[in-house]
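Biologist: Could you take me through this one and tell me what each label rests on?

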Amino acid sequence: MSTETTASVSTHILDTSVGRPAAGVAVHLLARGGRDADWQALGASATDADGRCRDLPALPEGTTHVRLDFAVEPYFEKKRAEAQQDAPANRDSGAGAVFFPEVAITFAVVPGEHYHVPLLLNPFGYSVYRGS
(Lines give C-alpha, C1' and ligand atoms only; values in the text may rest on other atoms or scores of the structure.)
Protein backbone atom coordinates (compact mmCIF):
# COMPACT_ATOMS: atom_id res chain seq x y z
CA MET A 1 0.00 0.00 0.00
CA SER A 2 1.58 3.27 -1.08
CA THR A 3 1.18 6.50 0.87
CA GLU A 4 0.51 8.16 -2.50
CA THR A 5 -2.60 6.01 -3.03
CA THR A 6 -3.86 5.93 0.57
CA ALA A 7 -4.60 8.38 3.35
CA SER A 8 -3.56 7.94 6.98
CA VAL A 9 -5.29 8.84 10.25
CA SER A 10 -4.19 9.64 13.78
CA THR A 11 -6.04 11.04 16.78
CA HIS A 12 -5.70 12.10 20.37
CA ILE A 13 -8.11 13.20 23.11
CA LEU A 14 -7.74 16.06 25.57
CA ASP A 15 -10.17 16.16 28.50
CA THR A 16 -10.72 19.90 28.73
CA SER A 17 -12.54 19.58 32.07
CA VAL A 18 -9.22 18.70 33.73
CA GLY A 19 -6.75 19.98 31.14
CA ARG A 20 -5.17 16.55 30.69
CA PRO A 21 -5.05 13.79 28.07
CA ALA A 22 -7.88 11.25 28.25
CA ALA A 23 -6.25 7.85 28.74
CA GLY A 24 -7.96 4.51 28.17
CA VAL A 25 -10.66 5.60 25.72
CA ALA A 26 -11.54 2.91 23.16
CA VAL A 27 -11.38 4.12 19.56
CA HIS A 28 -12.73 2.23 16.54
CA LEU A 29 -11.66 3.06 12.99
CA LEU A 30 -14.05 2.47 10.08
CA ALA A 31 -13.74 3.32 6.40
CA ARG A 32 -15.75 3.22 3.21
CA GLY A 33 -14.97 3.71 -0.44
CA GLY A 34 -17.80 6.01 -1.46
CA ARG A 35 -20.76 7.86 -0.05
CA ASP A 36 -23.13 4.93 -0.56
CA ALA A 37 -20.71 2.13 0.40
CA ASP A 38 -21.02 0.16 3.64
CA TRP A 39 -18.71 0.95 6.52
CA GLN A 40 -15.91 -1.55 7.09
CA ALA A 41 -14.36 -1.90 10.54
CA LEU A 42 -10.60 -1.66 10.18
CA GLY A 43 -9.56 -2.03 13.79
CA ALA A 44 -9.58 -0.60 17.26
CA SER A 45 -7.20 0.93 19.74
CA ALA A 46 -7.27 2.78 23.04
CA THR A 47 -5.72 6.07 23.99
CA ASP A 48 -2.46 5.86 25.92
CA ALA A 49 -1.38 8.01 28.89
CA ASP A 50 -0.74 10.87 26.45
CA GLY A 51 -4.30 10.54 25.06
CA ARG A 52 -3.00 9.24 21.71
CA CYS A 53 -3.84 6.20 19.61
CA ARG A 54 -0.49 5.19 18.19
CA ASP A 55 -1.52 1.96 16.47
CA LEU A 56 -4.51 2.68 14.23
CA PRO A 57 -4.36 0.51 11.11
CA ALA A 58 -3.63 1.82 7.64
CA LEU A 59 -6.53 2.79 5.41
CA PRO A 60 -7.19 0.60 2.38
CA GLU A 61 -6.80 1.98 -1.13
CA GLY A 62 -9.97 3.60 -2.38
CA THR A 63 -11.01 4.97 1.03
CA THR A 64 -13.03 8.15 0.64
CA HIS A 65 -14.65 8.46 4.08
CA VAL A 66 -13.40 7.61 7.55
CA ARG A 67 -15.23 7.33 10.86
CA LEU A 68 -13.66 7.40 14.30
CA ASP A 69 -15.90 6.08 17.07
CA PHE A 70 -14.83 7.12 20.57
CA ALA A 71 -16.37 5.20 23.50
CA VAL A 72 -16.24 7.98 26.11
CA GLU A 73 -18.86 6.73 28.58
CA PRO A 74 -16.54 4.23 30.35
CA TYR A 75 -13.88 6.93 30.63
CA PHE A 76 -16.24 9.37 32.37
CA GLU A 77 -17.75 6.64 34.56
CA LYS A 78 -14.26 5.72 35.77
CA LYS A 79 -13.42 9.37 36.46
CA ARG A 80 -16.68 9.77 38.40
CA ALA A 81 -16.00 6.64 40.47
CA GLU A 82 -12.49 7.89 41.29
CA ALA A 83 -13.85 11.31 42.30
CA GLN A 84 -16.47 9.70 44.55
CA GLN A 85 -13.81 7.57 46.18
CA ASP A 86 -11.70 10.67 46.90
CA ALA A 87 -14.64 12.76 48.13
CA PRO A 88 -17.49 10.52 49.36
CA ALA A 89 -19.40 13.54 50.72
CA ASN A 90 -19.96 14.70 47.13
CA ARG A 91 -21.26 11.33 45.95
CA ASP A 92 -24.75 12.62 45.13
CA SER A 93 -23.87 16.11 43.95
CA GLY A 94 -25.64 15.88 40.60
CA ALA A 95 -23.43 13.33 38.89
CA GLY A 96 -25.88 11.89 36.41
CA ALA A 97 -25.53 9.75 33.35
CA VAL A 98 -22.94 10.66 30.76
CA PHE A 99 -24.52 13.08 28.30
CA PHE A 100 -22.52 11.90 25.26
CA PRO A 101 -21.81 8.17 25.76
CA GLU A 102 -20.02 7.99 22.43
CA VAL A 103 -18.66 10.37 19.84
CA ALA A 104 -18.63 9.46 16.15
CA ILE A 105 -16.62 11.67 13.82
CA THR A 106 -16.97 11.16 10.06
CA PHE A 107 -14.75 12.94 7.55
CA ALA A 108 -13.71 12.76 3.92
CA VAL A 109 -10.16 11.84 2.90
CA VAL A 110 -8.05 11.98 -0.24
CA PRO A 111 -5.09 9.75 -1.09
CA GLY A 112 -1.65 10.90 0.00
CA GLU A 113 -2.90 13.08 2.86
CA HIS A 114 -2.50 12.54 6.62
CA TYR A 115 -5.46 13.40 8.84
CA HIS A 116 -4.85 14.11 12.50
CA VAL A 117 -8.21 14.46 14.24
CA PRO A 118 -7.97 15.73 17.85
CA LEU A 119 -11.01 15.43 20.11
CA LEU A 120 -11.44 18.07 22.83
CA LEU A 121 -13.76 16.47 25.35
CA ASN A 122 -15.64 17.38 28.50
CA PRO A 123 -18.64 15.79 30.24
CA PHE A 124 -21.19 17.96 28.43
CA GLY A 125 -19.68 18.68 25.04
CA TYR A 126 -16.89 18.14 22.59
CA SER A 127 -15.09 19.78 19.72
CA VAL A 128 -13.10 18.24 16.91
CA TYR A 129 -10.91 19.66 14.18
CA ARG A 130 -8.36 18.68 11.58
CA GLY A 131 -5.01 19.05 13.26
CA SER A 132 -1.51 18.76 11.89
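Biologist: What makes strand β3 (residues 26-32) largely enclosed by the rest of the structure?

Modeller: Five of the seven residues of β3 are buried, so that strand gets the label. Buried means under 20% relative accessible area, exposed over 50%, and partly exposed in between (1.4 Å probe, protein chains only). Keep in mind that this is a predicted model, where local features need pLDDT of at least 70, side-chain atom pairs count only at pLDDT 80 or more, and totals for chains, interfaces and linings use all residues. Residues are numbered from 1 along each chain as its sequence is written, and side-chain values use heavy atoms, leaving out hydrogens and water.

Biologist: What makes β4 and β7 (103-108) edge strands?

Modeller: The open four-stranded sheet has the order β4-β3-β6-β7, with antiparallel pairing. β4 and β7 each pair on one side only, and that makes them the edges.

Biologist: How do you know whether D55 is buried or exposed?

Modeller: D55 has a relative accessible area of 53%, so it counts as exposed. D55 sits in the loop between β5 (52-53) and β6 (65-71).

Biologist: What joins the side chains of D55 and S45?

Modeller: A polar contact of 2.3 Å. The term needs a pair of N or O atoms within 3.5 Å; within protein, one must be able to donate a hydrogen and the other to accept it, and residues adjacent in sequence count only if both atoms are side-chain atoms. D55 and S45 are 10 residues apart along the chain, with their C-alpha atoms separated by 6.6 Å.

Biologist: Why is the pair of F100 and Y126 called edge-to-face?

Modeller: Their ring centres are 5.2 Å apart and their planes stand at 80 degrees, so the pair is edge-to-face. Rings of Phe, Tyr and Trp (its six-membered ring) pair if their centres lie within 6.5 Å; planes under 30 degrees apart count as stacked, over 60 as edge-to-face, the rest as tilted. F100, at 27%, is partly exposed, and Y126, at 37%, is partly exposed as well. Together with F99, F100 and Y126 form one aromatic cluster.

Technical notes:
Helix = DSSP H or I, 4+ residues; strand = E, 2+ residues; numbered from the N terminus. Pairing = 2+ DSSP bridges.
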